[in-house]
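Here are some notes to read alongside the model. They go point by point, beginning with a single position and then widening out.

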Amino acid sequence: MKARLPQGYGGGGASNLQQLARQAQKLQENMDAAKEELEQKEYTAASGGNAVRVTVTGKMEVKSIEIEPEVVDPEDVEMLSDLVTAAVNEALRAAAADRDETMGKLSGGLNIPGMF
């Protein structure tokens, strides 16, 4: 008895593999373009009622830190440090969330190690 595959399966052999390879290459090109676009974006977050503002890039690098003069208190450096840390972390979270959302749309939810 010979097994039969449903219509659309089998019989393609090498042409199916070539089509799959083309699709994978197109996906990789789209992901590379999206990654490059994301790396050019900037994300800004603030803490302390806008007293500290931090801008990071899509490359997860801090681009700038702006501090309002009235929050610079030599007696309370710890508070300023906390505000800067909070703003940096929030900006990095925004950049990471945007990256994950963009790449997730492209990959259809697949988690492919090393892709991004």
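Leaving aside its neighbours within four places in sequence, which residues is Ala87 in contact with?

1. Contacts of Ala87. The model is a predicted one. In it, Ala87 is in contact with Ala45, Ala46, Ser47, Val52 and Val54, once neighbours within four places in sequence are set aside. Ala87 itself belongs to helix H2, residues 77–107. Its relative accessible area is 0%, so Ala87 is buried. The C-alpha atoms of Ala87 and Ala46 are 5.1 Å apart in space, although 41 residues separate the two in sequence.

2. Overall layout. The protein has 2 helices and 3 strands, and from the N terminus these elements follow the order α-β-β-β-α. Of its 116 residues, 22% count as buried. The accessible surface is about 8,500 Å², and carbon and sulfur atoms account for 52% of that. Of the contacts between residues at least 6 apart in sequence, 48% link residues at least 24 apart.

3. The annotated segment. The unreviewed UniProt entry carries the annotation "coiled-coil region" for residues 17–44. In the model this span is 86% helix and 11% strand, and its end C-alpha atoms lie 44 Å apart.

4. Strands E1 and E2. E1 and E2 run antiparallel and are joined by 6 bridges. Within this pair, Glu42 stands opposite Thr57 of E2. The two strands form a hairpin with 4 residues between them, and Gly48 in the turn has a positive phi of about 65 degrees. Asn50 is also in the loop between E1 and E2. Asn50 has a positive phi of about 75 degrees although it is not a glycine. Its relative accessibility is 43%, so Asn50 counts as partly exposed.

5. The two faces of E1. In a regular strand, side chains alternate between the two faces of the sheet. In E1, residues 42–47, the covered face holds Tyr43, Ala45 and Ser47, while Glu42, Thr44 and Ala46 make up the uncovered face.

6. Thr57 has a relative accessible area of 14%, which is under the 20% limit, so Thr57 is buried. Thr55, at 10% relative accessibility, also counts as buried. Beyond four places in sequence, Thr57 is in contact with Glu39, Lys41, Glu42, Tyr43, Lys63 and Ala95. With the sequence neighbours again left out, Thr55 touches Glu42, Tyr43, Thr44, Glu61, Val62, Lys63 and Ser64. For Val54, the residues touched beyond four places in sequence include Tyr43, Ala45, Val62, Ile65, Val84, Ala87 and Ala91.

7. Met60 lies in the loop between E2 and strand E3 (62–67). Its phi is near 65 degrees, a positive value in a residue other than glycine. With a relative accessible area of 31%, Met60 is partly exposed.

8. In soluble globular proteins, nonpolar side chains tend to be buried together. The largest nonpolar core here has 18 residues, and those touching the most other members are Tyr43, Val52, Val54, Val56, Leu80, Val84 and Met103. Helix H1 (14–40), E1, E2 and H2 are the elements that give two or more residues to this core. H2 supplies the largest share of it, 8 residues.

9. Helix H2. At 1.5 Å a residue, the 31 residues of H2 should span 45 Å, and the end C-alpha atoms are 45 Å apart, which agrees. An α-helix has 3.6 residues a turn, so residues three or four places apart point the same way. The buried residues of H2 are Leu80, Leu83, Val84, Ala87, Val88, Ala91, Ala95, Ala96, Asp98, Met103 and Ser107. Just after H2, Gly108 takes a positive phi of about 65 degrees.

How values were computed
Residues are numbered from 1 along each chain as its sequence is written. This is a predicted model: local features need pLDDT of at least 70, side-chain atom pairs count only at pLDDT 80 or more; totals for chains, interfaces and linings use all residues. Side-chain values use heavy atoms; hydrogens and water are left out. Buried means under 20% relative accessible area, exposed over 50%, partly exposed in between (1.4 Å probe, protein chains only). Contact means heavy atoms within 4.5 Å. UniProt positions are given in the numbering used here, feature names are shortened, and annotations may be inferred rather than shown by experiment. Accessible areas come from the Shrake-Rupley method with a 1.4 Å probe; for residues, only the protein chains shown count as cover. Two strands pair if DSSP finds at least two bridges between them. A nonpolar core is a set of buried Ala, Val, Leu, Ile, Met, Phe, Trp, Tyr and Cys residues joined through side-chain atoms within 4.5 Å. The expected span of a helix is 1.5 Å times one less than its number of residues.
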